[in-house]
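Here is a short report on one protein model. Look at the sequence and the structure first, then read on.

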Amino acid sequence: MASTAETGHTGFTLDKFAQHPFYHEVNKRLVALTQLAKGQRVVDLGAGTGAVTRLIVQEVANHEAEVIAVEPSETALEVAKRNLEEFRGALVRFIQGGAEMLTQLVKKPVDAIFFCNAIHLVEEKDQVLHEILQTLREDGTFSFNTSFYLGAEPPEAELFYRRWMMKALRVLKKEYGLSPDKTRAEARHRLTEDEYVALLNSNGFKVRDKEVVRVQVPLSGFEAISEYSLWIEGVLPGVPLEAGAYALAKGARLAFEELGITESPRNWLLVVASRA
Ligand SMILES: C[S@@+](CC[C@H](N)C(=O)[O-])C[C@H]1O[C@@H](n2cnc3c(N)ncnc32)[C@H](O)[C@@H]1O
């Protein structure tokens, strides 16, 4: 059985995955698509440790601008404060809280709201979209991106994903004597691109720009995503995270080896919406 040292994971977060250049690329592209202007007031919802907040600051910074980083996790917010220390107080404000209570956290309407790599984590999407709409100025924009939607794995990557899961299941069985609990549904239901559009439309938004960006993910990206708790719970329901992370990472290595590939594609959905 593999030890923690062998798995070498970092607390089942997305952090390692987020360090890959393709992640920076999809966030930068969403900020560019939104077409921010100097002096705007912007909310970065689910700001995490502030990577996207920094990209937003670069677009709007002047003496009038304000960027409000909203994040429920105290730990992430502390890291964000350190990462953005040079802007703290003057340009960037930090607020602890979830998207579900945005109107209570940000009272004055803002020009733009971002929700990057997080919307799939929200159970109450209607409620959150309502909060966002209330917090936006009349001509404001709401931008989000996600790679946890139905369609994130393109057809060309199907062979790899199938092989990956097969290998991971074998490793799990052989080295841990475990199998996923088939009776448990995926922890979170993933929406399709069309369902996201319908969700926006039914909550008072219209899509202004929408792109699917294909990124090439190297083996290290799949090893990193193997350590993400939501991914493990989704594909290997009921399996302890430690064992799941190990089996998925090893499965990815074996699948890459067998298929003789050095990368595999993954889609990111990018959406900029405005009031309908
Ligand atoms: C994968 S991180 C993304 C961080 C950053 N936006 C980025 O793109 O790199 C997801 C973040 O969403 C936050 N989050 C989870 N549920 C949330 C909610 N209901 N409202 C706001 N943020 C939430 C998490 O705490 C986490 O920091």
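Helices (H or I, at least four residues) and strands (E, at least two) are DSSP runs, numbered from the N terminus. The model is predicted: local features need pLDDT of at least 70, side-chain atom pairs count only at pLDDT 80 or more, and totals for chains, interfaces and linings use all residues. Residue numbers start from 1 along each chain as its sequence is written.

**Two loop residues with positive phi**

Asparagine 117 sits in the loop between S4 and helix H7 (125-135). Glutamine 35 lies in the loop between helix H3 (21-34) and S1. Asparagine 117 is not a glycine, yet its phi is positive, about 55°. Glutamine 35 is not a glycine either, and its phi is also positive, about 55°.

How covered are such residues? The test counts other C-beta atoms, placed from the backbone, within 10 Å of the residue's own: 20 or more means buried, 12 or fewer means exposed, and anything in between means partly exposed. Asparagine 117 counts as buried because it has 23 C-beta neighbours inside 10 Å. Glutamine 35 has 13 such neighbours inside 10 Å, so it counts as partly exposed. Histidine 63, in the loop between H4 and S2, has 8 inside 10 Å and therefore counts as exposed. The C-alpha atoms of histidine 63 and lysine 38 are 9.1 Å apart, although 25 residues separate the two along the chain.

**Strands side by side**

Two strands pair if DSSP finds at least two bridges between them.

| Strands | Sense | Bridges |
|---|---|---|
| S1 and S2 (residues 66-71) | parallel | five bridges |
| S1 and S4 (residues 110-116) | parallel | four bridges |
| S2 and S3 (residues 92-96) | parallel | five bridges |

Which residue in S2 is the bridge partner of valine 43? That partner is isoleucine 68. In S4, valine 43 has isoleucine 113 as its bridge partner. Isoleucine 68 in turn has a bridge partner in S3, arginine 93. Arginine 41 is bridged to glutamate 66 in S2.

Strand S1 (residues 41-45) is mostly covered, with four of its five residues buried. From S1 the chain crosses through helix H4 (residues 51-60) to S2, and this β-α-β crossover is right-handed. Right-handed means that, with the strands pointing away from the viewer, the path from the first strand over the helix to the second runs clockwise. S2, helix H5 (residues 74-83) and S3 also make a right-handed β-α-β unit. S2 is mostly covered: five of its six residues are buried. H4 is mostly covered too, with seven of its 10 residues buried. Among them are Ile56, Val57 and Val60.

**The core**

A nonpolar core is a set of buried Ala, Val, Leu, Ile, Met, Phe, Trp, Tyr and Cys residues joined through C-beta atoms within 7 Å. The largest one has 80 residues, and those touching the most other members include Val42, Leu45, Ile56 and Ile113. Helix H12 (residues 241-259) gives this core its largest share, nine residues.

**Around the ligand**

A residue is near a molecule if its C-beta atom, placed from the backbone, lies within 6 Å of it. The ligand is surrounded by 21 residues, and the closest are Gly46, Gly48, Ala99, Cys116 and Ala118. This shell holds 13 nonpolar, six polar and two charged residues. Here Ala, Val, Leu, Ile, Met, Phe, Trp, Tyr, Cys and Pro count as nonpolar, Asp, Glu, Lys and Arg as charged, and the others, Gly among them, as polar.
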